[in-house]
Every structure is written in structure tokens, then in C-alpha cells.
Amino acid sequence: MTVAVYVAGGILTIAVLLALYRAVRGPSILDRVLALDVVLAVVGAGLVLNMVMGRHLDNLVLLVTISLIGFIGSVTVARFVTDRK
């Protein structure tokens, strides 16, 4: 179980780094928003990994809040971009 958690943590770390690279270098605002949404999803996955490893539900409210922020942010930017065209 410990090896699987370390492998998953490594994969999540690489995913965050690649998403942050895309957020910084993204050619358009949609690329950047999508990359930041991926970062929020990976942070949520990290919280779930922490809850599984510690066998607790302390981070559940934070996980729901991060998911809502990511969803509302993505929808808001998508509506903003479609209104500008």
C-alpha cells in the first residue's frame, strides 16, 4: 500500500508540474484556465490520497470546496469567452 501511495503521489506531482507549465506558457486563456482546472483536480486527488492513507474524512469539506471552485471558475470563463465572440 505504501509503494502505491508513493507512486500515485509522484504521478500527481508530475501532473501538477506539467499543468503549471501549461498555465504559464499557454498560448490562450482557455489553455490556462484548463490547466488551472487540472491543478485543482490534482489537488483534490491528493486530498483523496491523503484521506485514503490516513483512513479519515477530515478533508472532505475542502475537497468539495475545491471541486466547486474549479467548476464555477471553468464555467465562468467559458461563458466569458463565448460572450466575447
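This is a predicted model: local features need pLDDT of at least 70, side-chain atom pairs count only at pLDDT 80 or more; totals for chains, interfaces and linings use all residues.
Okay, so let's start with α2 itself. It runs over residues 29–54, which is 26 residues. From the first C-alpha to the last it reaches 37 Å, and at 1.5 Å a residue you'd expect 38 Å, so the two values are close.

Now, which residues of α2 are buried? The list is V33, A35, V39, V42, G44, L47 and M51. And what do they pack against? Two helices: α1, residues 2–25, and α3, residues 60–84.

For α2 and α3, the angle is about 170° and the axes are 10 Å apart. Anything over 145 degrees counts as roughly antiparallel, so α2 is roughly antiparallel to α3.

Who's actually touching whom? On the α2 side we've got I29, L30, V33, D37, L40, V43, G44, L47, V48 and M51. Facing them from α3 are L60, L62, L63, I66, I69, G70, S74, V77 and V81. Sort that contact by class and you get 15 nonpolar, 3 polar and 1 charged residues.

Let me pick out I69, which belongs to helix α3 and is on that contact list. Buried or exposed? I69 counts as exposed, because its relative accessibility is 52% and the cut-off is over 50%.

Next, the connection between the two helices. Just after α2 comes R55, with a positive phi of about 55°. Further on in the loop between α2 and α3 you'll find N59. N59 is at 15% relative accessible area, and since buried means under 20%, it counts as buried. What does N59 contact, if we skip its neighbours within four places in sequence? That would be L47, N50 and M51. L47 and M51 are also among the buried residues of α2, and both are in the contact with α3 as well.

Last one: D83, again in helix α3. D83 is exposed, at a relative accessible area of 60%.

Conventions. Residues are numbered from 1 along each chain as its sequence is written. Side-chain values use heavy atoms; hydrogens and water are left out. Helices (H or I, at least four residues) and strands (E, at least two) are DSSP runs, numbered from the N terminus. Buried means under 20% relative accessible area, exposed over 50%, partly exposed in between (1.4 Å probe, protein chains only). Contact means heavy atoms within 4.5 Å. Axes are lines fitted to C-alpha atoms, for helices over the stretch in contact, and angles run from 0 to 180 degrees between N-to-C directions. Angles under 35 degrees count as roughly parallel, over 145 as roughly antiparallel, 65 to 115 as roughly perpendicular and the rest as oblique. Ala, Val, Leu, Ile, Met, Phe, Trp, Tyr, Cys and Pro count as nonpolar, Asp, Glu, Lys and Arg as charged, and the others, Gly among them, as polar.
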